[in-house]
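Please examine the sequence and the structure shown below. The briefing that follows is arranged by topic.

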Amino acid sequence: MSTFPPRAESQVSRRQAFKIGGITVSLAALVAACGDDREGDTAPGRVGYAPPVTDPPDYTVDDAVRLRTASSLEYSVIAVYERALESGIVEPSSDELVSRLIDNHQASADQLAALTDAEGGVPWECTNPWLDDRLIEPVLQAIQSSDDPARDLLRFAVALETLAASTHQVFAVELTAPAAKTFALETATSESRQSAALVAIDRGPDGYISPEVYGEGVPTDVEGLPNIYSITSRFGSVGQAELIVGPADENGSRESFNLQTPAENSFIYNELEPTC
Amino acid sequence: MDLVSAEPATSRRSLIGALGAAGLASAAALAVARPASAAPYSPTEPDKAVLEQALQLELAAKLLYRDAVEAGLTDAALEVAQVFGDNHEAYADQFAAITGISADTYNETFYDELKDEFATSDAAQFAQAAWELENNFAATYTELFTGFESVESQTVVASIVVLNGRMATVLADLAGVSDQLNLVFDPPTEIVTLTEGAGS
């Protein structure tokens, strides 16, 4: 069985992070309390280590940008499915389904490319670099080390299909060209079907309707993970979604990731050059 | 239509009966791209005319699911019928909220056309009838989508269409055909006629 490539950045466990953070905060408070006749930068102070804040680029967001961004999402999802098939995590009985999902996303990407071209843009045929770095690679690494990679891969697939559907739902309203708007809505519906089908095929009637629909909490499975459902709300949500995957630590906690529809920091602007 | 043997179809009824002259004129005018920032936020009068018909269709769907519940469905089929009926009532209420139109009239013609198919305690028969309804609603709203002038109309309709797709998928599984991927992902659809008589 092949493996997903390792994550590039160094690893610091949450427990270590708390310890380091606690010491840093204590020292910072001590220094602040002793400070007198302070000079220098008046910008808000920063405690601990965090990447420097960068402003999103000041580029135009037009139909072509939204269509290129939608394309990038399709290619990112395709790449996940292809790597999943290559990894051997996918059960042979699910090969046909996964292959069909790849075909569906490729067909969407092809149509999005044609629409981009029609809007005077340059079709984007690569994955979304921002999404790859901040979501897909970390999640795949967590799945790789999970106690149940197949379970986590299914959860990731459901979350990605929902994210893609939400993105197209948003773009259907924001796009201006009628053909692009209609296709975005068709794709939002198709990918909603795909998300729902993954759950329905795996869980059957137990996974049809989430108690969230009734305003109740989501029950957990024997591993302590929230159950997944085909219907999680009465209206299509475009809000942030949480994905929990990976191995449990000594406290039974697993890594959590937030999925958000693309925004200014993850758009594929017309000025960006292909990354593939 | 036989759920098991159905082939993807493209037959769609004309929208002429659905929208009427005023609606068609509005839809034609809106076939031209409009920057989202230039679009009005709240539903315009042409939007309201179409949304009122959509509201009546949603109430008819709610009644159809109610009939299925009362016909004696059990277990998962019963829960599906109850929740999906409530969903359609919520969509009618949402259309009422954004248009100011009372949600007290249903599309009687549409209801009469389908009531016998929904009034069943047979889960598979119910699932097939409801699967067709959800797929047809999704196709109808998608067809109408670019005709809506306002951001709010489009936002609400988009949030409903994706649920039509999810509900159809659940119903395909309930009918036992979720292994037929063409039916699940590329189902046959027919545009629903919106205006043909009303009941209350």
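**Helix H6 of chain A**

H6(A) is mostly covered, with 20 of its 26 residues buried (a residue is buried if 20 or more other C-beta atoms, placed from the backbone, lie within 10 Å of its own). Helices are DSSP runs of H or I with at least four residues, numbered from the N terminus. This is a predicted model, in which local features need pLDDT of at least 70, side-chain atom pairs count only at pLDDT 80 or more, and totals for chains, interfaces and linings use all residues. Residues are numbered from 1 along each chain as its sequence is written, while chains are lettered from A and ligands numbered from 1 in the order in which they are written.

- From its first C-alpha to its last, H6(A) reaches 38 Å, close to the 38 Å expected at 1.5 Å a residue (1.5 Å times one less than the number of residues).
- A:Gly204 follows H6(A) and has a positive phi, near 65 degrees.

**Contact between chains A and B**

- In contact are 35 residues of chain A and 35 residues of chain B (C-beta atoms, placed from the backbone, within 7 Å).
- H6(A) gives the most to the side of chain A that touches chain B, namely 15 residues.

**Helices H2 and H3 of chain B**

- The axes of H2 (residues 45-70) and H3 (residues 75-99) of chain B come within 8 Å and cross at roughly 160 degrees (axes are lines fitted to C-alpha atoms over the stretch in contact, and angles run from 0 to 180 degrees between N-to-C directions).
- H2(B) is therefore roughly antiparallel to H3(B) (an angle over 145 degrees).

Definitions and conventions: Helix = DSSP H or I, 4+ residues; strand = E, 2+ residues; numbered from the N terminus. Parallel < 35°, antiparallel > 145°, perpendicular 65-115°, else oblique. Contact = placed C-beta atoms within 7 Å. Buried ≥ 20, exposed ≤ 12 C-beta atoms within 10 Å, placed from the backbone.
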